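Dear colleague,

Please find below the structure that I am handing over to you, together with its sequence. My findings follow it.

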Amino acid sequence: MNSVKSYYNIIFVLVLSMCSPQKSEQTEDQTSAEKMVNLYTHRHYQSDQMLFEDFERETGIKVNVVSASADELIKRMEMEAEASPADVLITVDAGRLHRAKEKDLLQPIESPVLEANIPANFRDKEGYWFGLTFRARVIAYALDRVDPTQVPDYESLTDPRWKGKLLVRSSENIYNQSLMASIIASTGPENAKKWAAAVVSNMAREPKGNDRDQVKAVAAGVGDLAILNTYYIGKLLASDNQQEVAAGKAIGVIFPNQNGRGTHINVSGAGVAKYAPNKENAIKFIEFLSSEDAQRVFAETNFEYPVRSGTSLAPLLESWGSFKADTLDLGQLGEYNRVAVMLFDEVGWK
Amino acid sequence: MNPIKHLRYHSKPVNFWLVAAVVAMLLMGTPVYTILTGLLAGPGPYWDHLRKFLLTDYIVNSLILVVGTSGLALLWGIPTAWFVSTTRFPGRKMLELLLIMPLSIPTYIMAFTYAGIFDYTGSLQNIIRNIFGVKVVLLDIMNVYGVMIIMSLALFPYVYVIARAAFLTKFRSLIEASQTLGAFSTRTFFQVVLPVSRPALVAGVTLVSMEVLNDYGAVKYFGIPTFTTGIFRSWFSYEDVQAAVYLSSLLLLFVFMILLIEKKQRGEERFYSAATAERPLQMEKPNKVRQLIVLTCCALPVIFGFAIPVIQLAWWSISSYKSVAHIDLIAAVGNSFMLAVGTATSCVVVAVLLLFVGRMKNSKIYNWFMKLSTMGYAIPGAVVAIGVLMPLLLIDKQLISIFQYFGEIDPGLILTGTTVGLLFALTVRFLSVAFNPIESGFEKIGYSLDEVASTLRANHLSRLTRINLPLLKGALGTAALLVFVDILKELPLTLILRPFNFNTLATRSFELASDEQIAAAAVPSIIIIITGLIPVYLLNALITKRSKA
């Protein structure tokens with residue numbers, strides 16, 4: 001019988017130890033309720049961690065973080081409703097911010113600082129969300145095999161001459177979905193569907209891997225053209241692995257549609273939660289992220305384009321020069337997301 | 001006289017035990033029941049689209065993966081378990097332990113690692129380029145067969161561990177009888193051991209299949225659309241929760257049917273030995289050539305399932321450890337450990353409760369409900385997370401209003417805002433991992449001891465603690481350690497349900513990997529593996545100790 005008792009004792013102690021650190025954390029939170037901001041974020045870059053620490057140092061406001069996918073975080077906010085502890089939601093796609101707004105999870109913010117720092121095309125008209133950085137979805141080409149003038153725009157990827165040459169990741173990926181949404185918005189669903197079908201028939205292989213893998217496949221000669229986000233090229237070139245650097249150097253970058261609507265861009269941005277318990281801190285936090293110093297950190301450590309004009313770019317981005325970006329209302333990326341995915345399904349873009 | 005009937009005669013129809021078990025079952029089964037109601041609600045507005053363009057792919061890929069991975073896992077798991085239990089060969093002791101090791105590597109990390117080895121800038125092609133100067137030697141492993149092989153390498157230890165425990169302790173007398181009757185080792189294996197160890201093999205394969213079905217990381221990276229892909233597509237892209245739930249319920253139905261068919265086919269056969277005295281098994285010592293063959297058979301799964309990925313991860317860690325120096329990995333180790341110990345304990349307690357009551361009741365309905373409650377393991381973690389979040393938030397919100405009624409304080413989310421909710425969710429999800437080994441443990445305990453205890457009017461508690469638990473020691477240890485290792489690797493539930501600033505090794509490595517920094521992700525991954533070695537070592541000690549006892 002003794003062994004049973006000790007068994008229960010062990011369990012009891014375990015249960016206690018589970019609860020106790022949590023409790024102490026909570027009381028601590030309560031006493032310093034004024035001094036924190038709770039963040040639900042999809043971003044998990046090193047640059048962000050550095051910025052959170054800077055913010056804490058500067059303002060004394062502690063940044064509490066949960067990071068998961070935007071979809072999951074939005075679902076969690078939806079279920080938590082008015083009990084949600086979240087102050088700020090950060091996503092890597094304007095479509096998801098738009099969705100959060102549609103679901104009534106965000107609140108409009110009036111901030112002269114944000115309005116001054118962030119150009120109007122990078123934020124929601126009604127102030128529900130604010131872009132912090134943007135990235136362009138570009139075409140990478142094999143320097144030794146492709147004449148870049150033959151690929152002036154996304155539409156030219158459908159040319160039969162690229163049959164078996166095109167590399168792109170799966171339609172599961174939000175960046176592809178948003179690119180498709182932008183094409184639907186500018187050319188209509190019928191044309192967008194034709195475009196996607198032609199892209200599928202030009203693919204060098206079934207879609208797989210991430211954006212970096214597409215560049216590597218170009219370097220390996222699996223295909224000649226790849227669709228990817230700009231910052232991955234920066235990361236490849238900054239890699240510890242010399243082979244990855246070599247792969248990054250074997251490709252050139254095309255900013256498509258310079259003579260038309262411009263290259264598709266998407267923002268990574270933030271919105272203040274509808275039931276934010278620390279609304280003031282939340283606004284301060286987003287304002288901080290739009291400051292010149294913070295914007296420079298985004299640009300330099302993560303190879304993203306800062307939204308704030310006049311911020312210095314990473315040398316690599318600088319070397320590509322300026323480009324014409326699609327001026328589409330970014331909320332449309334969210335509007336057309338579902339249609340985009342369904343069209344992908346219909347044409348068999350896996 | 002039928003011993004089972006006799007047993008039932010002595011247990012009252014309703015008692016504390018039954019109530020406790022039913023409550024536990026309801027709690028553990030919440031996500032499963034919620035999802036099964038999806039069958040009644042129908043498939044949702046986007047079902048036609050899904051069926052027309054996607055469903056075939058999902059079904060075909062999922063079937064290939066389940067059947068292929070299970071088959072390969074049996075192939076790696078059973079012969080190796082048999083050889084290390086019955087044959088003397090050089091390196092046996094070491095391999096005995098090493099064969100469990102792949103379990104400490106998360107499946108998606110294994111997938112990322114192998115992709116990294118085989119890709120253009122990876123080690124293999126680098127070596128070939130440097131030595132032979134040839135540029136293109138492409139072996140594309142990023143397809144359904146690649147995933148199948150990688151998953152089987154990561155998951156076969158489930159089969160190995162459960163099979164070996166069975167070989168070592170369960171059928172000693174049968175094996176020896178067969179040997180005395182002059183049956184050769186191979187014949188003993190195929191005609192006596194395999195049929196008799198079926199419940200153990202089913203337990204192992206069930207775990208493997210469920211892991212395959214709930215995987216999202218590996219199949220997403222390799223671009224293989226499976227049922228899980230469909231669930232997430234319906235849920236997030238179409239925002240059709242109903243379709244997501246419907247797909248999940250079809251998945252559950254599928255698993256349930258397989259279990260049903262297996263049970264029906266096995267019939268009422270039960271194997272348990274009356275004699276519980278355990279003596280060391282007579283080991284065969286074959287000639288040198290056969291020893292070599294056996295050694296190779298046992299070494300191959302270790303080389304591909306453990307050595308190669310670990311060497312690659314270690315290599316990456318050396319090049320990248322500086323870039324992760326700013327990340328607090330020590331706190332992550334502590335959190336991972338705490339979750340693993342807590343969940344392992346609660347899973348074992350709940351599984352024992354359910355199975356013990358099931359044994360007393362011996363009611364078909366109870367048993368099926370019990371099985372159903374543990375099937376959440378086949379559903380992708382993110383879906384379970386939402387299924388668990390719903391009832392927990394309901395309680396949380398009630399608590400908040402109670403607090404506010406008595407005073408103007410807002411306690412915050414007591415369950416979902418702390419590790420309590422996470423721990424509960426993990427128990428719901430991993431109950432199956434503890435359940436299967438304990439169930440096969442219970443199955444091998446004969447009813448005669450229970451019957452004696454029952455005639456002596458011993459109460460349930462003392463029957464459990466003085467007869468069943470001591471006999472189950474090995475199974476309990478196996479169960480707890482399997483859960484422990486699994487929690488170290490767990491990702492989706494922890495990711496969604498964790499409180500603020502709470503990181504585990506798995507979330508750290510995922511964050512780096514999903515940022516396409518696989519080399520940096522290697523550092524936390526290596527720590528997961530090293531931490532996982534402790535329970536793996538204990539697991540092995542436990543199994544071997546029992547066989548020597």
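Domain bounds, as used here, come from an automatic or database domain assignment. For chain A, that assignment gives domain 1 (35–133 + 267–313) and domain 2 (135–264 + 325–347). This is a predicted model, in which local features need pLDDT of at least 70 and side-chain atom pairs count only at pLDDT 80 or more, while totals for chains, interfaces and linings use all residues. Residues are numbered from 1 along each chain as its sequence is written, and chains are lettered from A and ligands numbered from 1 in the order in which they are written.

Chain A: the two domains

The centres of domain 1 and domain 2 of chain A, taken over C-alpha atoms, are separated by 27 Å. Between them, 13 residues of domain 1 of chain A are in contact with 15 residues of domain 2 of chain A; two residues count as in contact if their C-beta atoms, placed from the backbone, lie within 7 Å. On the domain 1 side, helix α4 (residues 94–102) of chain A gives the most, with four residues. Helices (H or I, at least four residues) and strands (E, at least two) are DSSP runs, numbered from the N terminus. By class, that side has four nonpolar, five polar and four charged residues. Here Ala, Val, Leu, Ile, Met, Phe, Trp, Tyr, Cys and Pro count as nonpolar, Asp, Glu, Lys and Arg as charged, and the others, Gly among them, as polar.

In helix α10 (residues 242–249) of chain A, the buried residues are A:Glu244, A:Ala247 and A:Gly248. Seen down the axis of α10(A), these fall within an arc of 100 degrees, so they line one face of the helix; the arc is that of the directions from the helix axis to the C-beta atoms. A residue is called buried if 20 or more other C-beta atoms lie within 10 Å of its own, exposed if 12 or fewer, and partly exposed in between. The buried residues of α10(A) pack against α8 (211–220), α9 (230–237) and β8 (251–254) of chain A. Helix α9(A) is itself mostly covered, with six of its eight residues buried, among them A:Tyr231 and A:Ile233.

Chain B

Chain B has 24 helices and zero strands. Its C-alpha atoms fill a box of roughly 75 × 70 × 50 Å along the principal axes, and 53% of its 549 residues are buried. B:Tyr46 lies in the loop between α2 (16–41) and α3 (47–53) of chain B. B:Tyr46 is buried, with 21 other C-beta atoms within 10 Å. B:Tyr46 touches B:Ser234, B:Tyr238, B:Asp240 and B:Ala243, not counting residues up to four places away in sequence.

Contact between the chains

The contact takes 53 residues from chain B and 53 residues from chain A. On the side of chain B that touches chain A, the largest share, eight residues, comes from α18(B). By class, this side of chain B has 26 nonpolar, 17 polar and ten charged residues.

The nonpolar core

The largest nonpolar core has 275 residues, and those with the most contacts inside it include A:Val88, A:Leu89 and B:Ala111. Such a core is a set of buried Ala, Val, Leu, Ile, Met, Phe, Trp, Tyr and Cys residues joined through C-beta atoms within 7 Å. Its largest share, 18 residues, comes from helix α8 (residues 144–169) of chain B.

Yours sincerely
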